[in-house]
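Here is a short briefing for a first look at a protein model. Please keep the sequence and the 3D view open as you read.

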Amino acid sequence: MDSSKLFSTTNASRESHKVSGKAAISLEEWRGWGTTSTVPAIVTQVVHDLNLLEKDVDADMVFGGNHGKLSGDFKVQEDKKHRAKYQSLGDSQQKLQFFSARQIACRVLGSRGYLCQKCWLPADDCMCSKLITCPLWNRIRFWLYMHPKDFLRQNNTGKLLWQVFGVQAATLCLYGIAEHEEMMWDALKLAGKDKVWCLYPNKNAAANSVKDSMAELSFAHVEEHPEMTDGAHSLNFILIDGTWSNSGAMFSRLKERYKLMWGEEEIPCIMLNTGASLMHKLRPQPSWDRTCTAAAAIGLLDELHGLPNFVSYGLDKQAEALEDAVEVLLEALTARRLRMGRSITRKQRHNRDIL
C-alpha cells in the first residue's frame, strides 16, 4: 500500500467529527444497536443536557478518537459540567447510573454515521453479510451483562450472541441502567433461582462444573408442550461482558441483587473448561483460563451437548455457528488493522499463567 494513502487513511480514522443531525436518540436508533428496551430515561436526559450545553457555550459537540469521546472546546466545558453534576449526586446508585448513561450517550452519538449498528464495526469494515444466523434452543437464554465502556466496542464479542441467535435469545443488559437491570431481574425472578447461573470464575466460592449443575435436569415435560416457551421454563445464563478490571464490581452488583431477591449470599456460578479463544490473537486475556464472552458461550454449549440429557437439542451446531461468527469478527478486525497499517500481533501478557 502506498505510504501516503496509508497515512491519510489512518488520520481520517482518528480525526474529530461533529455529530450530524438531530442529537436525540429515537427508539428505532436505540434498538438498532442491539437492545430490546425503550430508550432509558437517564440516557435521554444526558443527551438533552448535551444539546443545551452546546447552545449555552456556543461550541460544536465534537467526538474524536474512537468516536465515543468528546473532544475540542466542547469537551472542556462538558467535563466541568459533568464533574460538578457527579459530585452533586449523594447516592452511589445515582452516581453509577449517571456514569453509565453518560458513557452510553456519548458512544451512541459519537458512533452515528461511523459504526454499523449491527456489528459495531466502521461501515468500511462491516461484516454483517458474512454472518450466518442460527436459532438457539428455546430453553436457553443468555443475558449479556455489559459494562458501558464495552458498549459499541469494535472488538466486543458479546454482540455476536444476539447477531447469531437473536436479541430475544441473547439479551443485552447494560450495567448501571435501571431499565435494563430491572428487565433482566424480572425475567430471572420468573424463571426461579434454580434456573439462574453466572458464567464467572468466582474465586471466593465453589463454582460447579456444567456437569455438576446440569446433569440431572430434565426437559421431557416441557418439550412435550411446545407452547410452554415462557421464561419460567428457560435456563438463564448471565455472561459478564466487561474488562477483568471492571468485572469484579459487576459481579458484586449481581450478588447483591441476587441476595436481595432470594436471600442467598452467593449467586450460582459455573466454571467452564474453555481453552484459548481465537480472539487471543488480537485481544489477549490475563491468562488462558479467562476468555472472551463469545468463547464462554461456545464452551457452555459444547459442554452441555456432551451431557446425555442435552444431546438431542443441537447445541453443538449452535456452538459451531457462534464460533464461525468469532472467526468472521477476527478476520474483519485483522483486515482493518492491516488496512490502517497497524500490527496484527499482540504481546503476550502474564506468560507465567500459560502452560
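Predicted model: local features only at pLDDT ≥ 70, side-chain atom pairs only at ≥ 80, totals over all residues.

Residues are numbered from 1 along each chain as its sequence is written, and side-chain values use heavy atoms, with hydrogens and water left out.

**Whole chain**

- The chain holds twelve helices and seven strands. Helices (H or I, at least four residues) and strands (E, at least two) are DSSP runs, numbered from the N terminus.
- Of the 355 residues in the chain, 49% are buried. Buried means under 20% relative accessible area, exposed means over 50%, and partly exposed lies in between (1.4 Å probe, protein chains only).
- The accessible surface of the chain is about 17400 Å², and carbon and sulfur atoms account for 50% of it. Accessible areas come from the Shrake-Rupley method with a 1.4 Å probe; for residues, only the protein chains shown count as cover.
- Take the contacts between residues at least 6 apart in sequence: 77% of them join residues at least 24 apart. Contact means heavy atoms within 4.5 Å.

**Salt bridges**

- Side chains of opposite charge can pair when their charged atoms come close. A salt bridge is a side-chain nitrogen of Lys or Arg within 4 Å of a carboxyl oxygen of Asp or Glu.
- The count by this rule is twelve salt bridges.
- One of them joins E78 and R102, with the closest N and O atoms 2.8 Å apart. This pair links distant parts of the chain: E78 sits in helix α4 (residues 72-88) and R102 in helix α5 (residues 92-111), 24 residues apart.
- E78 is buried, at 6% relative accessible area. R102 is buried too, at 18%.
- Another salt bridge pairs E266 with K255, whose closest N and O atoms are 3.5 Å apart. Eleven residues separate the two: E266 is in the loop between α10 (244-262) and α11 (293-305), and K255 is in helix α10.
- E266 is partly exposed, with a relative accessible area of 31%. K255 also counts as partly exposed, at 21%.
- K195 and D194 form a salt bridge at 3.7 Å, N to O. K195 is partly exposed, at 22% relative accessible area.
- A network of salt bridges links D125, R336 and R339.

**A helix pair**

- Two packed helices are described by the angle between their axes and the distance between the axes.
- The axes of α11 and helix α12 (residues 315-339) come within 8 Å and cross at roughly 160°. Therefore α11 is roughly antiparallel to α12, a label for angles over 145 degrees.
- Axes are lines fitted to C-alpha atoms, for helices over the stretch in contact, and angles run from 0 to 180 degrees between N-to-C directions.
- On the α11 side, residues making the contact include A294, I298 and L301. On the α12 side, they include L315, L322 and V326.

**A strand residue**

- A170 lies in strand β5 (residues 170-174). A170 is buried, with a relative accessible area of 0%.
- Leaving out residues up to four places away in sequence, A170 touches F142, L144, L161 and W162.
- G158 is twelve residues from A170 along the chain, and their C-alpha atoms are 9.0 Å apart.

Key: Parallel < 35°, antiparallel > 145°, perpendicular 65-115°, else oblique.
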